[in-house]
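Me: I have a structure to get through and some questions about it. Can we go over it bit by bit?

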Amino acid sequence: MHPAYATVDHTFTVPLDHGNPTGPTLQVFAREVSDPARAGEELPWLLYLQGGPGGKSPRPSAGSPGWLPHALKTHRVLLLDQRGTGRSSPVTARTAARFGSPERLAGHLAHFRADAIVADAELIRRELCGDAPWETLGQSYGGFLTLTYLSRAPEGLRACYVAGGLPGLTATADDVYARTYPRVRDRVHDFYARYPQDAPRLRRIADLLAADDVRLPDGDRLTPRRLRMLGLALGMGDGFERLHWLLDESLDESSSSKGELSDTFLQQVMSLTGFTDNPLFAVLQETLYGQGGGPTGWAAARALGDFPEFTEDADPLLLTGEMMYPWMFRDIRGLRPFADAAELLAARTDWPPLYDPRRLAANDVPLAAIVYHDDMYVDAGLSLRTAREVGATRVWVTNEWEHDGVSASGGRVLARLMEMAAGRA
């Protein structure tokens with residue numbers, strides 16, 4: 001029996017700072033995947049740019065990720081662990097604690113943004129493909145990377161496909177979070193409309209946490225504000241159900257008071273909100289918008305004050321989404337080693353630009369993008385504005401899928417994007 005996929009592992013040595021190629025280096029890992037029946041053919045390359053930041057590339061299994069079987073009909077796929085993730089010199093709480101000073105750690109982390117990831121990709125492309133360009137599929141943050149790639153090295157690209165990830169080219173962190181809170185609010189209300197019993201249950205759990213010192217299995221205190229982080233899941237296609245069934249088993253009905261949280265619930269909340277596997281998702285979240293001379297300055301935390309419906313004593317309780325707050329770096333075990341460095345990153349003002357609007361306006365690399373009309377994470381309005389500002393761009397707007405549509409659609413989204421880029425759809 002043939003395995004589902006033929007794979008080859010690659011490791012590349014790259015500079016930590018591409019502006020200083022003789023300085024410290026990192027190891028970047030990528031997995032080549034092909035159809036076993038075509039493993040010996042010289043098929044074109046498709047580079048997958050994972051969402052995040054801070055997420056490693058998917059590990060393939062039969063039929064997963066959902067877009068992969070379609071891609072392998074015509075391409076070899078490269079699943080890249082972006083620097084700092086997976087097997088690419090991973091940045092973890094343990095490695096962060098070894099830096100000795102917040103300044104050293106912050107200086108290190110400043111080299112993990114889109115510009116460095118794109119430079120890694122170009123080094124890898126030249127090693128694997130020589131002068132030949134390749135195609136890219138950017139999911140979510142991978143779309144942000146795509147626009148940086150088109151700004152810095154379009155000669156390396158034959159065609160680009162973006163799923164739920166066209167960024168605002170000049171949007172600041174303040175612009176982004178002013179738009180994010182209303183979308184999250186609406187999504188939480190939609191969740192309560194589908195599962196009305198979960199609104200009083202969440203309010204009850206939050207009140208219990210405010211009154212009692214409840215500890216997660218790793219010793220962290222579970223507070224109402226950490227509970228609200230569970231809203232991060234609501235932007236995915238199965239997010240409502242995952243949260244509902246988590247809450248369904250939240251209370252220990254065997255306890256005498258019937259008011260204790262179950263071990264199952266506490267274990268899952270710890271995993272879902274602990275950032276053990278992907279601390280860079282929290283550490284670098286707002287640095288995505290750092291360009292143009294101003295600090296990001298904990299924009300999500302500052303914007304929270306403009307939305308009084310998000311107070312912790314509100315009823316119904318509103319969950320939060322893809323927002324990072326300073327308190328997380330004190331309260332969450334996996335983020336504590338990053339706390340002081342995160343403050344330095346939030347105050348930094350000299351971030352280099354990630355996008356070149358003039359070069360993007362003149363772009364001639366075919367770019368096909370799906371914009372999810374109701375996307376909770378990436379603002380559709382900003383995405384459509386960007387689509388108008390980037391040459392050779394074709395956009396498909398739909399509410400058929402949520403943010404994970406490229407995988408949830410079983411290859412249909414990628415198939416249409418490929419047709420669009422080729423001018424056939």
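Me: Where is phenylalanine 275?

Reply: Phenylalanine 275 sits in the loop between helix H10 (263–273) and H11. Keep in mind that this is a predicted model.

Me: What is phi at phenylalanine 275?

Reply: Phi is near 60° there, a positive value in a residue other than glycine.

Me: Is phenylalanine 275 buried or exposed?

Reply: Phenylalanine 275 is buried, with a relative accessible area of 8%. The cut-off for buried is under 20%.

Me: And serine 89, what is its phi?

Reply: Serine 89 has a positive phi of about 40°, although it is not a glycine. Serine 89 belongs to the loop between strand S4 (76–80) and helix H2 (93–97).

Me: Now helices. How do H7 and H9 pack?

Reply: Helix H7 (residues 198–211) and helix H9 (residues 239–248) pack at an angle of about 60°, and their axes are 11 Å apart.

Me: Why give an angle and a distance?

Reply: Two packed helices are described by the angle between their axes and the distance between the axes.

Me: What is the orientation of H7 and H9 called, then?

Reply: At about 60°, H7 and H9 are oblique to each other. Their crossing is left-handed.

Me: Which residues meet there?

Reply: From H7 come Asp198, Arg201, Leu202 and Ile205, and from H9 come His244, Leu247 and Asp248. The residues of this contact divide into three nonpolar, one polar and three charged.

Me: What about H6 and H9?

Reply: Helix H6 (residues 173–194) packs with H9 at an angle of about 60°, with the axes 11 Å apart. H6 and H9 are therefore oblique to each other. H6 passes H9 in a right-handed crossing.

Me: Which residues make that contact?

Reply: Arg187, Asp190, Phe191 and Arg194 in H6 meet Phe240, Glu241, Leu243, His244 and Leu247 in H9. The contact divides into four nonpolar, one polar and four charged residues.

Me: Where is serine 250?

Reply: Serine 250 is in the loop between H9 and H10. Serine 250 counts as buried, at 0% relative accessibility.

Me: What is serine 250 in contact with?

Reply: Leaving aside neighbours within four places in sequence, serine 250 is in contact with Arg201, Ile205, Glu260, Leu261, Ser262 and Phe265.

Me: Last one, H14. Which residues are buried?

Reply: In helix H14 (residues 339–347), Ala339, Ala341, Ala342, Leu345 and Ala346 are buried. Seen down the axis of H14, the buried residues fall within an arc of 160°, so they line one face of the helix.

Me: What is on the other side of H14?

Reply: Asp340 and Ala347 are on the other side of H14, and they are exposed.

Me: And what covers the buried residues of H14?

Reply: The cover includes helix H3 (102–109), helix H11 (279–283) and helix H13 (328–331).

Note on methods: Residues are numbered from 1 along each chain as its sequence is written. This is a predicted model: local features need pLDDT of at least 70, side-chain atom pairs count only at pLDDT 80 or more; totals for chains, interfaces and linings use all residues. Side-chain values use heavy atoms; hydrogens and water are left out. Axes are lines fitted to C-alpha atoms, for helices over the stretch in contact, and angles run from 0 to 180 degrees between N-to-C directions. Helices (H or I, at least four residues) and strands (E, at least two) are DSSP runs, numbered from the N terminus. Angles under 35 degrees count as roughly parallel, over 145 as roughly antiparallel, 65 to 115 as roughly perpendicular and the rest as oblique. A crossing is left-handed if the near helix is turned anticlockwise from the far one by less than a right angle, and right-handed if clockwise. Contact means heavy atoms within 4.5 Å. Ala, Val, Leu, Ile, Met, Phe, Trp, Tyr, Cys and Pro count as nonpolar, Asp, Glu, Lys and Arg as charged, and the others, Gly among them, as polar. Buried means under 20% relative accessible area, exposed over 50%, partly exposed in between (1.4 Å probe, protein chains only). The arc is that of the directions from the helix axis to the C-beta atoms.
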